[in-house]
Amino acid sequence: MEIPVIDFDELNDEKRSKTMELLHQACEKWGFFKIENHGIDKKLMEKVKHLVNRHYEENLKERFYESEIAKALENKGNNSDIDWESSFFIWHRPTSNIDEIANLSEDLRKAMDEYIAQLVKLAEKLSGLMCENLGLEKCYIKEAFSGSKGPSVGTKVAKYPQCPHPQQVRGLREHTDAGGIILLLQDDQVPGLEFFKDGEWVEIPPSKNNTIFVNTGDQLEVLSNGRYKSALHRVMANENGSRLSIATFYNPAGDAIISPAPKLLYPNHFSFQDYLKLYATTKFSDKGLRFESMKKMANGHYNGLT
């Protein structure tokens, strides 16, 4: 099963319409895809991965293998409600907590801040393209996510440590993501991420050449009135190596009020008799125009099929 790949360079030439359609299908039918030529500095991406791996080796690895999670696995207890992961969360916007996280080097703090500044621009560009495909104003998603202080941005930094008994535990249990747009910088060697599509689990290979892997969350499904689905996914434990995951969430602000975009809603609260009256004179017209007319009728603005 070929995972959709969106080449951002093709948005600027004669392939734009084909690329936009591919993006639309990826959001509508898959809920996940890869981005190539995304414009983020690849040397910076390599630096972030290197510094995160070093932070794990120096500060987190020993503590993880001494943790209750590791002991439970060795004791062959009930592991159905644990995740074989070592992680921490960095808030970036509207306020940052990066200075409060223990033992982060100055180099990692600086590199992460630079990376996130570029990644937010990518998220905003991507959200604008999604809006275009949905027939919404370019800034609709950004404004819907903004609340009083702008969209919320945070990063889950995770290592899925090498596991002695991978058949007994998940790296991360099956779930959908709660938020909006998730942009993942992941390991280029160790696999483990899987998404559920059409009744089967699809293995997501390690990301070569620092492609960005994207999936859509629950709030984008709500905002799009179900057009863009959030996809179920999980991480499998691995006995051959530790997997790196740096997942950044472009989410609604905590006080943002989320609802389906009115433009994407079907008409509602009308009587079937009223619909039949309109249908009698527009039976052979496009149903989309008929639905729009019913919306206007419900809102008191109907003045004929337009």
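Guide: A helix crossing is left-handed if the near helix is turned anticlockwise from the far one by less than a right angle, and right-handed if clockwise. Helices (H or I, at least four residues) and strands (E, at least two) are DSSP runs, numbered from the N terminus. This is a predicted model, in which local features need pLDDT of at least 70 and side-chain atom pairs count only at pLDDT 80 or more, while totals for chains, interfaces and linings use all residues. Residues are numbered from 1 along each chain as its sequence is written, and side-chain values use heavy atoms, with hydrogens and water left out.

Visitor: Let's start with the helices. Is the crossing of α2 past α4 left-handed or right-handed?

Guide: The axes of α2 (residues 42-65) and α4 (residues 106-134) come within 9 Å and cross at roughly 140°; axes are lines fitted to C-alpha atoms, for helices over the stretch in contact, and angles run from 0 to 180 degrees between N-to-C directions. This angle therefore makes α2 oblique to α4, since under 35 degrees counts as roughly parallel, over 145 as roughly antiparallel, 65 to 115 as roughly perpendicular and the rest as oblique. The hand in which α2 passes α4 is left-handed.

Visitor: How many residues in the contact of α2 with α4 are nonpolar?

Guide: Contact means heavy atoms within 4.5 Å. On the α2 side are L44, M45, K47, V48, L51, V52 and H55, and on the α4 side D107, L108, A111, M112, E114, Y115 and Q118. Ala, Val, Leu, Ile, Met, Phe, Trp, Tyr, Cys and Pro count as nonpolar, Asp, Glu, Lys and Arg as charged, and the others, Gly among them, as polar. In this contact two residues are polar and three charged, while the nonpolar ones number nine.

Visitor: And how are α1 and α4 oriented to each other?

Guide: Helix α1 (residues 16-30) packs on α4 with the axes 10 Å apart, at an angle of about 90°. The two helices are therefore roughly perpendicular.

Visitor: How many charged residues does the contact of α1 with α4 hold?

Guide: From α1 come R16, M20, L23, H24 and C27, and from α4 L126, L129, M130, E132, N133 and L134. Seven of the contact residues are nonpolar and two polar, and the charged ones number two.

Visitor: Which residue takes a positive phi in the hairpin of β7 and β8?

Guide: β7 (residues 193-197) and β8 pair in the antiparallel sense over four bridges. E194 has E203 as its bridge partner, and F196 stands opposite W201. Two residues lie between the strands, and the one with a positive phi near 50° is D198.

Visitor: Where is the cis peptide bond that P94 takes part in?

Guide: P94 is found in the loop between β3 (86-93) and α4. Omega is about 5° for the bond in question, which joins R93 and P94.

Visitor: What share of residues 149-252 is strand?

Guide: An unreviewed UniProt entry lists this span as "domain: Fe2OG dioxygenase"; UniProt positions are given in the numbering used here, feature names are shortened, and annotations may be inferred rather than shown by experiment. The end C-alpha atoms of the span lie 10 Å apart.

Technical notes:
Two strands pair if DSSP finds at least two bridges between them.
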